[in-house]
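I opened my notebook today to look around a new structure. Here is what I looked up, entry by entry.

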Amino acid sequence: MSGEGRPRRHESGYRARWAVRTLLIYLLLCLIAVTTVGPFLVMISASLRPNFSYMTFPISLIPPQPSLDNYVRLFRQTAIGRWILNSFVVATSVTFLQLTTCSLAGYAFARGDFPGRDAIFWIFMGTLMVPSTVTIVPLFLILSRLGWVDTYAALIVPSATSIFGTFLLRQYFLTIPRDYDDAALIDGAGLFQIYRMVLLPLAKPALATLATLTFLGEWNSFLYPLIVTTKSSMRVLTVGLATMVVQEGGAGVQMAGATLTFTPTFLIFLFMQRYVVQGIALSGVKG
Amino acid sequence: MEGQSLVLGRGRVVRARQVGLAQRLRKGWRWYLFIAPNVVTFLVFILFSWVFLIYLSFHDWNLMGAKEFVGLDNYVRLAQDKVLRKALVNTFQYVLMFVAPVSAVSLGLASLVNQRLRGIYFFRAVYYLPVVTSIAVLALIWKYILIPRPDGIANYFLGLVGIPYQQWLVDIRLALPSITVMQIWSTMGYYMVLWLAGLQSIPEELYEAARIDGAGRWQLFRYVTVPMLRPTTIFILMIAMIGAFQMFGPPYMLTGGGPVYATTTMVYYIWLQAFNRYRMGYASTVSILLFAIILVASLIQRKYMRWSETIF
Amino acid sequence: MQSSNGRTLVTRRALIAGGLALGASTLAACAGGGTPQVVKETVVVTQEVEKVIKETVEVEKVVKETVVVEKVATPTPSAIAGSVKMWVFPLTENDMDALWNPLLSRFASDYPNIKVNIELLPWGGRREKMLTAFAAGEAPDIAYVNTDTLSLFGTNDVLLPLDDVIPKEAWDDLFGDLQRGLMWEGKRLMYPTLLIGTGYLYNKKLFQEIGWDPEKPPETWDDIRKLGADSKAKGYWLTTWNTINWGDCWVTPLWQAGGNVYSEDLTKVLLDTDPAYETLSFIVELFQNEWVPKEGAVGSEAEAQAVAAINYWIEGKSTLSGVGNPNITTNTKQQNPDIDFGICPTWKNKKQVQLGGGGCWGIFKSTKEPEAVQAWLLWLIEPEQQGFYGSVTKFAPPRKSAWDYWAAEPLPKKFVEVRLPYLAMNQDSSYFWQEGKTTCAPYFQAAVLGYQTVEEALKGAQQDLQAIVDEWNAKRKGR
């Protein structure tokens, strides 16, 4: 998808212009990349210093005596495998559940005609408008009454649906022409078949985007898991790493932990973007 | 349904609704199955929370002891609270400073990375990095960058272009803008990803057809990309705005709402009341106010966009 | 620990063997029967301790000896049964292995029928978690509580009074004023497990450079002013200061100036007094003369518990350190061994005093296992256990008799001893801590940054805080 950029082939000298333009683009990409990757590099660099607790100016990114000491100390924490497992279970479950429920609901709100459609949608939108700072208390009360404290259910079920995801998919479905629906209808397809056969395959970019954002959001979530779980066997990675943070202590381990939390998300993002989103060229399908 | 007619506007619509209601239910009942999971989760988890918060707004509760009924006291306090007014002003300022720039910047980024170049996925992931870096690390980095002396990094760059050094987070006028820049930087990757999904839904043929008709790059952007992106634009602007109204991380992590309340936002103030002053009832009241504000803002935003239009 | 340092490993093993032999023969001499049992226990505990405490060989030896010294008389296992849920927060990188597992295994031999579940929770978000848990009735049986939460817990009557639970000797065994800080409406609600007494270090080499005697640290506020000026003249910082550290950066200097935050009966806020004026003026001086970095003027509580972006002290750019706990001595040595530092005494203005406090254990009234949890608490606060706790966490034990079992490194110990006589507690240490901190910080910031005069700032803080106190008192009367 190069959008509007490619020069017309029949123009003379296009190759030279194209090369210069490409070079400039790469330059710009790198410039921006430097600003976003900087903190990340500092984080990794700090995690490789055994006694990190401060920064010097100018920052030396290459640690003078790099060592994996912090990571060793991190993994000596025997429960860390459990933390990672919990985070992974929760993140994948929530992602899968949200992909399902949000696409179903998004379809209904984009295509459906039923009484109360807009009202219900805006009531759901209300959930985005109340800060979680205060809703955590009644939510925890409910979970406590249900007996779900310290269970996977508490970590997964309340996030099984999401109006954010529903909204995202609704908007995406709106970009798909109704002609496809109608064609399928004429062929005798029911609502669900239209959803499954026509719209869902066409919505892969949105689905992949939602999956990425949801997974990463759950993976990095801290306050909610902290409050609904106490048992160390139910601890997720973010909370577990926080139990190693000591005031005035060496922050190297903290940085190692942050790098550890971060790495799978980076890899997953790359995977999602490259293999799932890209290549879903819709050329020839629409229009 | 009354709600329906309120949302769409009175008068003309009401009659149509009343006539077709039974018919529409008969034709469209299956749709309810599609939204059933959302409805169930909402009823079990969300509705109770909202009712509870409303209930709490008439009580005084420090989360440990008993709830004490205080009638409208919390609402009276709401009207007289000077710090709350500051929080409101700060929040509105932030929304205005954040939403448009972050949307534009992230759209620019998305367009930039939407090209078939080698290694483009790597760049996308790199731009997404700040979104997944923990707030603790980000706070550390930004505090370092924004050191209020000539040798701080930000001031160093200012010095290169001859601007005198600034106090950044220690300056009442600059603290909130500094945080805004920090937030734009750390969330632009997030919105970039959302824009990308929309950009990738635009068929290549449209661009080809327009080019054949003689459109240049800027015209392609204006007449093909922008209209096709409308649903995505609506989505992003709304999500960005709703999120901006609830900005919490930097005040919590970096400034404690200071200096002198300059970075106290609504949600930070709510957190302060709930967990620092132990006034859960009042915190609920302020939350209700915030909810109302966001709802009104969203509905206004909705009014100016073509909400339900399908592209073709 | 394994292969890379084979020789050290062998040396350590030799030391352990030697220590054990010594210990075993000592015990055999003292205890008569039961020697093989005790030696085996000692070996097990020693190995665990050795596995995780890696600082120096001396510390390991000292700790091993501590472990060997106790358990002279093995009490008969008690018949009390139950399960106890306890919440604690990390004081070392690996509290479970270094601290709790050894304690739990020892406890199990005395009370085999009591099962203790220790949940280690992070410092970040602890108030949210604790309060939400209480709101839903999911509170633990016993937890680590700080003395600054006394008014919150006390007002809500959620803590079990410990006057009858803990014997008189244990109360009298506490240092100085500590008991005052644990008392609410005449009842003592918490029992301390570690002593809080912060202080400053000074850089001897930098002292020489700026013309100060390296053996004479600053003692009075005027000394500090002079030190600040002299440090700045040579391009060094004096220390770091901030407006949100309530205890060290407001209460302590206020006490030194002869004032208090609250009146003893908790009805009045005393911020419109001369001592408060003097204190805030002093703080404003520190910032406006640029003796301390300006970024300290703005900060959050969450940040204070995270990593500092720059530590000028460790870099050798500051004549005094920032305020710290006893482990600032060992941390400095570890992070920059080149710094030759000394320990500052408690500073003196009209009084020589500083905020003392304690990290404590509190039993919650909602506990369903009162007998079991009380047995656990009583065992945990015994001198041997407190000493061990202090050895691992590097804080000083609050019981005098526990110091016999405290395998303290010399520097943290000296740090504590220097200020021990001046630690005090009163109503300021425990009441309205959070409220005071966040209400006054904006006013202090305004004064420090020059947006308000000291009088205006104090007047504003006084009004706001007094309103909070009045509201609280009105509710109390209504009960």
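How do the residues of the lining of the second largest pocket divide into nonpolar, polar and charged? I am working with a predicted model here, and I found ten nonpolar, six polar and eleven charged residues in that lining.

**Entry 1: the pocket.** I stayed with the second largest pocket and noted about 820 Å³ of space in it. Its lining has 27 residues, and I wrote down the closest to its centre: Arg77(B), Asp81(B), Tyr269(B), Arg279(B) and Ala467(C). Next I looked up which helices supply the lining. Helix 5 (73-80), helix 6 (82-112) and helix 15 (266-275) of chain B each give at least two residues, and so do helix 18 (433-448) and helix 19 (454-478) of chain C. Helix 19 of chain C has the largest share, with six residues.

**Entry 2: chain B.** I saw that chain B is divided into domain 1 (2-46) and domain 2 (77-308). Taken over C-alpha atoms, the centres of these two domains are 34 Å apart. I also checked the peptide bond from Gly258(B) to Pro259(B), and it is cis, with omega near 0°. I placed Pro259(B) in the loop between helix 14 (249-255) and helix 15 of chain B.

**Entry 3: rings.** My search of the whole structure gave 72 aromatic pairs over all chains. One of them joins Trp148(A) and Phe45(B), a tilted pair at 6.2 Å centre to centre with 45° between the planes. This pair crosses between chains: Trp148(A) is in the loop between helix 5 (132-146) and helix 6 (152-156) of chain A, and Phe45(B) is in helix 4 (residues 36-56) of chain B. Are the two partners buried or partly exposed? Trp148(A) is partly exposed, with a relative accessible area of 24%, while Phe45(B) is buried at 4%.

I then looked for charges over rings. Arg170(A) lies over the face of Phe121(A), 5.4 Å from the ring centre. Lys303(B) lies over the face of Tyr304(B), at 5.8 Å from the ring centre.

**Entry 4: positive phi.** Which residue other than glycine has a phi near 65° in chain C? I found Leu266(C), in the loop between helix 10 (246-256) and helix 11 (274-288) of chain C. Leu266(C) counts as buried because its relative accessibility is 7%, and the cut-off for buried is under 20%.

Asp150(A) is not a glycine either, yet I read a positive phi of about 65° for it. I found Asp150(A) in the loop between helix 5 and helix 6 of chain A. At 15% relative accessibility, Asp150(A) is also buried.

Key. Residues are numbered from 1 along each chain as its sequence is written. Chains are lettered from A and ligands numbered from 1 in the order in which they are written. This is a predicted model: local features need pLDDT of at least 70, side-chain atom pairs count only at pLDDT 80 or more; totals for chains, interfaces and linings use all residues. Side-chain values use heavy atoms; hydrogens and water are left out. Domain bounds come from an automatic or database domain assignment. Rings of Phe, Tyr and Trp (its six-membered ring) pair if their centres lie within 6.5 Å; planes under 30 degrees apart count as stacked, over 60 as edge-to-face and the rest as tilted. Helices (H or I, at least four residues) and strands (E, at least two) are DSSP runs, numbered from the N terminus. Buried means under 20% relative accessible area, exposed over 50%, partly exposed in between (1.4 Å probe, protein chains only). A charge sits over a ring if NZ of Lys or CZ of Arg is within 6 Å of the ring centre and within 35 degrees of the ring normal. On a 1 Å grid over the protein atoms alone, a cavity is a set of points where a 1.4 Å probe fits but cannot get out, and a pocket is an open set with protein on both sides within 12 Å along at least five of seven lines; lining residues have an atom within 4 Å of a point. Grid points are joined across faces, edges and corners, and a volume is the space filled by probe spheres set on the points. Ala, Val, Leu, Ile, Met, Phe, Trp, Tyr, Cys and Pro count as nonpolar, Asp, Glu, Lys and Arg as charged, and the others, Gly among them, as polar.
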